[in-house]
Structures are given as structure tokens and as C-alpha cells.
Amino acid sequence: VEFHYEHPGMQHQAIDGRRLHVLPPTAEIPAAEKVKIKGGNLVFTSAGNNNDIMSNWVGDGANFDVFVVYYGDDDEKLRQYQATFRWAIRHRGSKMQNFYSVIYKQRPDLIRAAEYFFILDDDIVFQQGVKDINNMFEISRQHNLLISMPSFTKGSVVKHKITANDPKTGLLLKYTNFVEINAPLYSREALVKSL
């Protein structure tokens, strides 16, 4: 496990032959007042080498910050992520494992600072990029949604029919008891309860 965020109190532990960087329990984590999340909105992903996030999730007018956990071995790709996004570190694991271990456990200041968390697979491509991401946060906030997700357009891989967009209906949103794990948008309240 390799972090590029170095805390002055960082300690190193070996577990099962792997070297882990761990913040000690007494380490001072920045207070929420010191961390400002753009619009109160955080996009999170675990990313590999082959995706469009640097072009699709970046642009003028973004009302959110992005935290990328890179699980690959290409140092140049990590540098590109670090140059593009506010936070980018290297850590092995799946998206939800990384969110839990990196954000929830080691960066609780981000949990306190953000109101909404869009936890996306790195292969999610928005038709209008930043505008669509902004709209998702706005709709969730406007309608006080605890958990939501965008619908998938024609041509997308749709595993559950309820997640497919039907443009004929003209619906802005529909209420359901199902959200697919590849693109959930959580309110802080729902996120904390689910972790």
C-alpha cells in the first residue's frame, strides 16, 4: 500500500509482509474548518489506467472536488491524476474498500466537510461531463434525496432494468428502493449510516 499523502506523524507497519502507512491514533487530522469541499460535493473513485475521468469529470464550472485512489502501478499515471484532481493517492483495493479505508477511516475531515458523496466507478462517462455531475448534486440536494444515482442511456451496459433511462417518460427522477453500486450519490447522513 503506498500513499503519496505524507503526514508528519505517519507510521509504517508490516502486515502479512506488506508495508502499510498508517496514521497513528494521536496524529492530528485537519479540522473540517480547514478543508473546504467545493459546493459541499465530493466525487470519489478508485481508478485504473484506462478511463476518461481526466476529460469527462474535469471542466469549468465544476461544483465539486474529486478524490482519486489509483490502484495501478504506473507512476506517470499517478502524477497525471495528482496534477488533475485535488486529491490523488495510490492504494490497492476496490472502490468501496478504498472509500472506507482511505476516506472514512483516515480522512474523517472530508466526511465532515462534504454534504454529498458521488462514489463512481471509473468507467462512468457522463454525456455532458461536469454539467451532468453538477446536476446530480443539485437534484439530490433540491429533492432532499438520501441516496440517488443517474440513469443509464441507451448503449450503456445496463444490469438492472430500473437503472435504464427512458426518455419517453420525461421524468426528472423516479423513486425506487434500488441503487446500483457503480454510481451511488449519498447524502452524508445516508453514507455514515451505511458504513
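The following legends describe close-up views of a predicted model.

**Figure 1. Confidence along the predicted protein chain.** The protein chain has an average pLDDT of 83, and 83% of the residues score at least 70. Over residues 1-33, pLDDT stays under 50. For this stretch, the model has 57 contacts beyond four places in sequence.

**Figure 2. The aromatic pair of Phe64 and Phe137.** The structure holds ten aromatic pairs. One of them is formed by Phe64 and Phe137, whose ring centres are 6.1 Å apart. The planes of these two rings make an angle of 35 degrees, and the pair is tilted. Phe64 lies in the loop between α1 (53-56) and β4 (65-70), whereas Phe137 belongs to helix α5 (residues 130-142). Phe64 counts as buried because its relative accessibility is 3%. Phe137 is likewise buried, with a relative accessible area of 1%.

**Figure 3. The stacked rings of Tyr100 and Tyr104.** Tyr100 and Tyr104 form an aromatic pair with a distance of 5.4 Å from centre to centre. The pair is stacked, with 25 degrees between the planes. Both residues lie in helix α3 (residues 95-104). Tyr100 and Tyr104 are four residues apart in this helix, so about one helical turn separates them. Tyr100 counts as partly exposed, at 32% relative accessibility. Tyr104 is also partly exposed, at 26% relative accessibility.

**Figure 4. An aromatic cluster of five residues.** One aromatic cluster is formed by Phe44, Phe67, Trp87, Phe99 and Phe117.

**Figure 5. The salt bridge between Arg90 and Asp75.** Eight salt bridges are present in the structure. In the bridge of Arg90 with Asp75, the closest N and O atoms are 2.8 Å apart. Arg90 is located in strand β5 (residues 87-90), and Asp75 in helix α2 (residues 75-84). The pair links distant parts of the chain, its members being 15 residues apart. Arg90 counts as buried, with a relative accessibility of 7%. Asp75, by contrast, counts as partly exposed, at 41% relative accessibility.

**Figure 6. The salt bridge between Glu76 and Arg79 in helix α2.** Glu76 and Arg79 form a salt bridge whose closest N and O atoms are 3.3 Å apart. The two residues are three places apart in helix α2, and therefore about one helical turn separates them. Glu76 is partly exposed, having a relative accessible area of 39%. Arg79 also counts as partly exposed, with a relative accessibility of 47%.

**Figure 7. The salt bridge between Asp121 and Lys95.** The side chains of Asp121 and Lys95 meet in a salt bridge, with 2.7 Å from N to O. Asp121 is in the loop between β6 (116-119) and α5, and Lys95 is in helix α3. The pair therefore ties together parts that lie 26 residues apart in sequence. Asp121 is partly exposed, with 26% relative accessible area. Lys95 counts as buried, at 10% relative accessibility.

Methods. Residues are numbered from 1 along each chain as its sequence is written. This is a predicted model: local features need pLDDT of at least 70, side-chain atom pairs count only at pLDDT 80 or more; totals for chains, interfaces and linings use all residues. Side-chain values use heavy atoms; hydrogens and water are left out. Rings of Phe, Tyr and Trp (its six-membered ring) pair if their centres lie within 6.5 Å; planes under 30 degrees apart count as stacked, over 60 as edge-to-face and the rest as tilted. Buried means under 20% relative accessible area, exposed over 50%, partly exposed in between (1.4 Å probe, protein chains only). pLDDT is the predictor's confidence in each residue, from 0 to 100. Contact means heavy atoms within 4.5 Å. A salt bridge is a side-chain nitrogen of Lys or Arg within 4 Å of a carboxyl oxygen of Asp or Glu.
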